Amino acid sequence: MIEDRGRSGDIMAERRQLFAEMRAQELDSIRLSTYRTASKLRFVQKKCNLHLVDIWNVIEAFRENGLNTMDLNTEFTVARLEAILSTIFYQLNKRMPTTHQINVEQSISLLLNFLLAAYDPEGLGKMSVFVVKMTLATICGGKILDKLRYIFSQISDPGGIMVYSQFDQFLREVLKLPMTVFEGPSFGYTEQATRTCFAQQKKVSLNTFLDTMMSDPPPQCLVWLPLMHRLANVENVFHPVECSYCHSESIMGFRYRCQQCHNYQLCQDCFWRGHASGSHSNQHQMKEYTSWKSPAKKLSNALSKSLSCASSREPLHPMFPDMPEKPLNLAHIVPPRPMNSTNDFMLSHSMPTSGNPYSTKKQSGQAGGYRVRTGKGQQPGGTRKI
Ligand SMILES: [Zn+2]
Ligand SMILES: [Zn+2]
């Protein structure tokens with residue numbers, strides 16, 4: 001009993017620590033709720049080292065712990081959840097260079113506490129397979145397209161059509177993430193949420209699902225999710241221009257340019273907090289930039305564009321066949337290669353395989369953090385209007 005009390009005391013202390021550190025970032029002073037929510041969840045993700053883990057790594061951990069064969073409604077204990085998180089982070093350290101090893105115990109503990117705060121506020125010590133799958137798939141790193149495909153595979157029928165009630169359940173659970181970082185008023189679950197995502201469509205296939213989720217703008221209740229990925233993509237983007245408000249010599253991350261004032265540019269910290277100086281007002285329309293081009297490069301780009309007839313705009317996602325291939329039953333097949341590099345095997349186990357452009361690529365090791373990001377990844381064009 002005393003031990004139990006000691007342990008729950010530790011849990012509370014660690015939970016407080018995570019939220020205290022989040023508060024210290026002063027993210028609450030971000031005026032736009034979407035950016036505020038995405039920044040908070042990105043903070044939690046990085047603090048727990050989940051930004052170094054992609055959906056393939058998560059699926060691998062689910063498989064190692066037998067979740068792929070369990071009914072989605074199965075409930076399991078905190079100890080079981082801890083085991084899954086252990087697999088995720090111990091495997092992560094195996095992929096990390098010896099110079100960049102993470103603190104596994106701390107990552108497990110922080111993430112476990114965050115999940116318990118979100119999904120078990122009453123301390124019943126139980127969580128369903130569905131909750132664990134959807135939550136980890138939503139807050140892990142990697143590519144949003146891969147994450148959404150996995151999520152769809154869990155909420156669709158064998159014919160590849162989304163089950164509305166499952167999607168509703170997904171929203172109900174996943175919107176607890178913004179709620180846990182105190183953004184419930186902006187992004188809490190409502191009965192109308194599902195209908196606002198898919199208004200008229202009767203049958204939602206994978207392509208329709210991806211079109212909707214990756215559209216610009218995305219559904220209002222989930223707008224923080226693609227933004228979290230965009231934040232990650234621009235985090236290391238350097239703009240050699242001065243912020244017109246705080247006068248820092250250069251800008252990292254997003255850069256904003258006023259559409260009315262001549263050469264008025266803000267760093268993300270200043271723009272998100274509504275700072276304005278001189279004749280500029282925070283009511284002016286701003287354009288968001290995720291990359292920087294020198295004036296010389298801009299000119300050469302403009303020239304090459306004017307010479308080319310073909311549209312260079314890429315689709316948001318590859319097209320997938322409407323009818324998924326049945327997942328192969330590979331239970332009795334000995335994989336041809338060692339298990340630690342068999343993401344293809346894992347993929348065909350858990351997701352429709354046909355038309356998958358990634359099935360021949362090795363996915364592990366793609367988790368963020370150690371790649372130089374260009375910020376050109378997800379949004380064609382690299383700019384957007386706010
Ligand atoms: Zn600034
Ligand atoms: Zn202005």
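Visitor: How are helices and strands defined, and how many of each does the protein chain have?
Guide: Helices (H or I, at least four residues) and strands (E, at least two) are DSSP runs, numbered from the N terminus. This is a predicted model, where local features need pLDDT of at least 70, side-chain atom pairs count only at pLDDT 80 or more, and totals for chains, interfaces and linings use all residues. Residues are numbered from 1 along each chain as its sequence is written, and side-chain values use heavy atoms, with hydrogens and water left out. The protein chain comes to 16 helices and 8 strands.

Visitor: Which protein atoms are donors of the zinc ion (ligand 1)?
Guide: Donors are N, O and S atoms within 2.8 Å of the metal (3.2 Å for Na, K and Ca); water is not among the atoms, so sites may look incomplete. Here the donors lie 2.3 to 2.4 Å from the zinc ion, and they are Cys243 (SG), Cys246 (SG), Cys267 (SG) and Cys270 (SG).

Visitor: What arrangement do the 4 donor atoms make around the zinc ion?
Guide: Four donors count as tetrahedral if all angles lie between 85 and 135 degrees. Around the zinc ion (ligand 1) the angles are 102 to 116°, so the arrangement is tetrahedral.

Visitor: Are Cys243 and Cys267 buried or exposed?
Guide: Buried means under 20% relative accessible area, exposed over 50%, and partly exposed in between (1.4 Å probe, protein chains only). Cys243 and Cys267 are both buried.

Visitor: How many residues of helix α13 are buried?
Guide: Helix α13 spans residues 224-234 and is mostly covered. Among its buried residues are Trp224, His229 and Arg230.

Terms used
Chains lettered and ligands numbered in written order. Tetrahedral: all angles 85-135°; square planar, octahedral: opposite > 155°, others 65-115°.
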